[in-house]
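Please walk through this protein one piece at a time. Keep the sequence and the 3D view side by side.

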Amino acid sequence: MTTGTTGAAVEAFQPVKSAGRTLDVLEALADSPRRRSLVELARALGIPKSSLHGLLRTLIQRGWVETDATGTRFGLGVRALQVGAAYLEADDATGLLAGVLDDLAGQFGETVHLGRLDGPHVVYLAKRESVHRLRLYSAIGRHLPAHATALGKALLAQRADEAVDRLLSWPLPALTRNTITDPELLHAELATVRDRGYAVDREENTDGIVCFAMAVPLLSPAVDAISLSVPATRLDGESEQRIVAALHGAVRQVRAARTLLAGA
């Protein structure tokens, strides 16, 4: 009886409208590369300007939102940074994999990422910067379409094609001319990833950048992956083999650490 009551309560749950609108505002500001006006936000979110103005004033007072000098354009405030940093500090995978990321960056001097699957996207949780002037631009917290990245394909390949189709947002956007957007081609690509154990993004996310990634076996199916990105001009067959071997070694290291933790 208790289970049935709980299940009914879950089904009857209705989101709180004001809380939903507040989160919509924060997510809209997080997705924008620039500050946005009241009119822009109201139009994008479908919130009356009078209601939106009150929400923004409250968020400004609490430090979640800031305005420019004119007071007419809005962006995320420092409180959002504090909460994001707290998330990363408390995240077990970020701490466990820090040494692995350091090792990969030290071996190759190239950009290294830890990414997590977030719906149809991958979000960067950690990064080690390349030592070279020619490098991939990225930022912690940035979301990218999973189908267009090595990180994302490594994680999508952990799931059956039916689950992948439900997860992604169709039609798939093309970030470059090499991005795989056809469902059949994507399924074939993920089958290849499963067979060889790693994913490759050959200028599918950013022109001129090749990326290699492997899923990290902390959960099943995996939700985290590590990657190494290299400008195509610095990549040859030998360096590609070295990168793949290093990723395999990193994953073996993580698997061994997880076993030790489980036995502790």
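This is a predicted model: local features need pLDDT of at least 70, side-chain atom pairs count only at pLDDT 80 or more; totals for chains, interfaces and linings use all residues.

Start with helix H4, residues 49–61. H4 has 13 residues. From its first C-alpha to its last, H4 reaches 18 Å, close to the 18 Å expected at 1.5 Å a residue. Which residues of H4 are buried? They are Leu52, Leu55, Leu56 and Leu59. Look down the axis of H4: these buried residues fall within an arc of 100 degrees, so they line one face of the helix. An α-helix has 3.6 residues a turn, so residues three or four places apart point the same way. Now turn to the other side of H4. There Ser50, Arg57 and Gln61 are exposed.

What do the buried residues of H4 pack against? Their partners are helix H2 (17–31), helix H3 (38–45), strand E2 (65–67) and strand E3 (73–76). Past the end of the helix, look for Gly63. This glycine follows H4 and has a positive phi, near 85 degrees.

Two bridges link E1 and E3 in the antiparallel sense. To find this pairing on screen, pick Arg36: its bridge partner in E3 is Phe74.

Next comes the six-stranded sheet. It too is described as open, and the order is E6-E5-E4-E9-E8-E7 with antiparallel pairing. Strand E6 (143–145) and strand E7 (199–202) stand at the edges. Each has a single partner strand, so one side of each is left without a neighbour in the sheet. Neighbouring strands here are turned by 30 degrees against each other on average, direction ignored.

Follow the pairings one by one. Strand E4 (residues 111–118) and strand E5 (residues 121–128) pair antiparallel over seven bridges. The hairpin of E7 and E8 has six residues between the strands. Within that hairpin, Glu203 takes a positive phi near 60 degrees.

How many residues of strand E8 (residues 209–216) are buried? The count is eight of its eight residues. E8 also runs antiparallel to strand E9 (residues 224–231), joined by eight bridges. In that pair, Val210 has Val230 as its bridge partner in E9.

Finish in a loop. Thr179 sits between helix H9 (161–167) and helix H10 (183–196). Is Thr179 buried or exposed? Its relative accessibility is 9%. Buried means under 20%, so Thr179 counts as buried. Its side chain has a polar atom 2.5 Å from the backbone oxygen of Glu204.

Notes. Residues are numbered from 1 along each chain as its sequence is written. Side-chain values use heavy atoms; hydrogens and water are left out. Helices (H or I, at least four residues) and strands (E, at least two) are DSSP runs, numbered from the N terminus. The expected span of a helix is 1.5 Å times one less than its number of residues. Buried means under 20% relative accessible area, exposed over 50%, partly exposed in between (1.4 Å probe, protein chains only). The arc is that of the directions from the helix axis to the C-beta atoms. Contact means heavy atoms within 4.5 Å. A polar contact is a pair of N or O atoms within 3.5 Å; within protein, one must be able to donate a hydrogen and the other to accept it, and residues adjacent in sequence count only if both atoms are side-chain atoms. Two strands pair if DSSP finds at least two bridges between them. Axes are lines fitted to C-alpha atoms, for helices over the stretch in contact, and angles run from 0 to 180 degrees between N-to-C directions.
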